[in-house]
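Please keep the sequence and the model in view while reading.

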Amino acid sequence: MFGAFPVPSPSGRPVPAQRTTLWLVLGTAALLAFTLFFVDLKPRVEGDFFFATDDPQLATAGRIAELFPAGDQVLIRTVGSVENAEHLERIEALSEELAGLAGVTGVRSLSRGPRAPEAVADSPFWSRLLTPGGPGASLLVVSLDSPGSALVTRIEEAVRGFRSEGMEAEISGVPYVVEQVRRALLRDLAVFSSAALLLFAALLGWLFRSLRRLAGTLTACTAACAGTLLILRAAAVPIGLLTANLVTLVFVLTLSHSIFLNARWATLANQGRSPQEAAAEARRSVFGASFWCMITTLLGFLSLLTASAKPLQELGLAGAVGATLAIAAAYLIFPPFLAAAAPPRQAPEGNFARRRIRPRSWLAAAAVIVLCLGLGLGVPRLATDPPLLSYFQQGSPLRDGLEAIDRDGGSSPLSIVVTLPEGSEDPRLDTDLAMARLIAAQQALEKDPAVGSVLSAAPLLAEARLTSPFAALLPPKALLDLLSTDSYERVALSFLTAERERGLFFLRMRESEREEERRAVIDRLTERVRGAELEPILVGGLYDLQAQLSTLVRSSLLRSLLVLFGLFSVIAWAVSRNLRTTLAMAASLPLVPLAVVGAFGWLGLPFDIISSTAPTVALGLGVDSLIHLAAAARRSAMSDAPWIEALRGTGPAILGAALVVATGFTIFLASSFPPTQRFGSAVVLGTLVAAAVALWVLPRLAVPLSSRRRRPTGAR
């Protein structure tokens, strides 16, 4: 694997390195074509928003669905008065069109459900369902049997026709929000990932000033990306919420190895070695450091497999495969291109590195440390439980529409299943006493500012008694029996089980003005239920899942960082074999995630599940810089100033890699999908901080004080 170039042919005669590179390019092109043909690159977002059907978090939601079967719902908000006959006619036409779509199981609107549109305002049930924000706007509640992209698209087309007649209409609901996220990820994958790769190529061309070395880097990166996608396809791992940027991630991992390999090759070639000898020696001397970089990154990704959220598990597996193929592609594919390249010229960043980067730069080191610690003070302010609306650009028509629906009656569903307290004489909820408690709980929940609307058996029973004088004479049990028959579409079973021992409160929660975490809101709501002498036994729905996701994001980030720090401390000793250097590396590494996460806290940016992966990516790049620099210092241990020699040889590579990666990820800031913008900005910040820590902080901490007092021979 580490032999010299050119490689021998089966006949025993040497094959020119140029011919080897040609075959590598053609083979990679064929692999890429095969990948594009067989791998579905369309991102898949689960219907339960970031959770797969086999996730433990969905166990409670599954039990609630068994007790109270109900499909997903799409909400359509229309603006208009019930006194406007034309408006009512169009709502009726839209309702009929939606009800006729395959996959739609029911539609409730002003024209489908209430006994009369003008009676909705005084209706205990329909006013909460259809006009929770007041009489100026009403909802169409579309129940779906099999939500999916095609059905959401047909609903959008129907609403678009409604709008073409001059009517205002906005769409919300979990299936619709999930579809918008999927489209945004697909758009970013197709546009911004491709644009970032082109920008990477342009910057590498400027840095290398060599078409052959540029072709080698791009070939290695492309092969690693294509191989990763094929392996994930064979393992039935789809492109999902967090793996939508996988191509860029694997590209960067391969790029890092290639840049450090190129820097060592350039140093050896400048010392008089032939390109072939320099390529072979560079591969031998740099592989050890790259291997430890790969191990750290690999195990960091594998730590995500212990997370409960499916997207984090998928990222862990995909990242582990990508990290393994990245080093394989860099060391098997790139060296032949180096062997065939012309002797190097000085890279543009080389002179800067030699002039400005020195272990004597104590002022620069202190500035970097103070900056990172100052940013780290923002960690307690980190918003790890952002609203769903933060996934869409503020001021966009989509975000404005979702906010309007959210203000009217809430946008995020929450289900609370209740029973009578243990020890009650009669466990049934259809008695007069139990119904009084349901009414009290309904009123208590509606008073909470985080709640948009509440539906339960209490307003349903009140509606039935209001609409029929005969019903007003019936006791709760008899009336609920009547509402459980097919003649009334078994509507009572939506809120009470058949044995009447469990009841459901279905809430729509407000997200646009929420300042406290969802878990605190849920705890307060369950206490309100207990205050009405009912016992909440199950809590589920998207609102609860998002609360759990927030906890998972924090725990998975902390766990992966701790794993990386622990592994890195061991690897730092294996690379440096020096206690002071090991301690310096261990002290330097935490500055990178501290700065990234703290910056999010200070700026008040939502730290969602997509953004939360950025510190790990930036940390991986920081690990590479620290390990390669420490390995270079160990190689120069016999010189008078090993860290100065290490910086002269490796500093340009660290600076060049940071420049390429940071500039490439800057293009993500132009995305219309805020999580992608935040992910890109976090990687850019982390990459620059990692480079600064490697170039200024680590050498300053690693050089003994006695060495700092004297000026080494050859130092400027």
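Two strands pair if DSSP finds at least two bridges between them. Helices (H or I, at least four residues) and strands (E, at least two) are DSSP runs, numbered from the N terminus. The model is a predicted one, in which local features need pLDDT of at least 70 and side-chain atom pairs count only at pLDDT 80 or more, whereas totals for chains, interfaces and linings use all residues. Residues are numbered from 1 along each chain as its sequence is written, and side-chain values use heavy atoms, with hydrogens and water left out.

Strand E1 (residues 72-79) and strand E4 (residues 169-172) are joined by four bridges in the antiparallel sense, and within this pairing Arg-77 stands opposite Glu-170 of E4. E1 also runs antiparallel to E3, to which eight bridges join it; here Leu-75 faces Val-141 of E3. These strands belong to an open, antiparallel sheet of four strands in the order E2-E3-E1-E4. Strand E2 (104-108) and E4 stand at its edges with a single partner strand each, so one side of each has no neighbour in the sheet. Neighbouring strands are turned by 20° against each other on average, direction ignored; axes are lines fitted to C-alpha atoms, for helices over the stretch in contact, and angles run from 0 to 180 degrees between N-to-C directions.

Helix H5 (residues 149-163) packs on this sheet and touches E1, E2, E3 and E4, its direction making about 165° with that of E4. Helix H14 (residues 397-409) lies across E1, E3 and E4 and runs at about 80° to E4. Within strand E3 (residues 137-144) is Ser-143. Apart from its neighbours within four places in sequence, Ser-143 is in contact (heavy atoms within 4.5 Å) with Asp-72, Gln-73, Gly-103, Val-104, Thr-105 and Gly-106.

A further open sheet has four strands in the order E6-E7-E5-E8, again with antiparallel pairing. Four bridges link E6 to strand E7 (residues 503-509), and the bridge partner of Val-451 in E7 is Met-509.

Among the helices, H8 (residues 211-234) and H9 (residues 246-270) have axes that come within 9 Å and cross at roughly 145°. The contact of H8 with H9 has 13 nonpolar, five polar and one charged residues, where Ala, Val, Leu, Ile, Met, Phe, Trp, Tyr, Cys and Pro count as nonpolar, Asp, Glu, Lys and Arg as charged, and the others, Gly among them, as polar.

Helix H24 (residues 642-666) and helix H25 (residues 674-702) pack at about 170° with their axes 8 Å apart. H24 and H25 are therefore roughly antiparallel to each other, a term for angles over 145 degrees. Their contact comprises 18 nonpolar, four polar and no charged residues.

The structure also holds twelve aromatic pairs, defined as rings of Phe, Tyr and Trp (its six-membered ring) with centres within 6.5 Å; planes under 30 degrees apart count as stacked, over 60 as edge-to-face and the rest as tilted. The ring centres of Phe-287 and Tyr-331 lie 5.2 Å apart with planes at 85°, so this pair is edge-to-face. Because Phe-287 lies in helix H10 (residues 275-302) and Tyr-331 in helix H11 (residues 310-340), the pair ties together parts that are 44 residues apart in sequence.

Technical notes:
Parallel < 35°, antiparallel > 145°, perpendicular 65-115°, else oblique.
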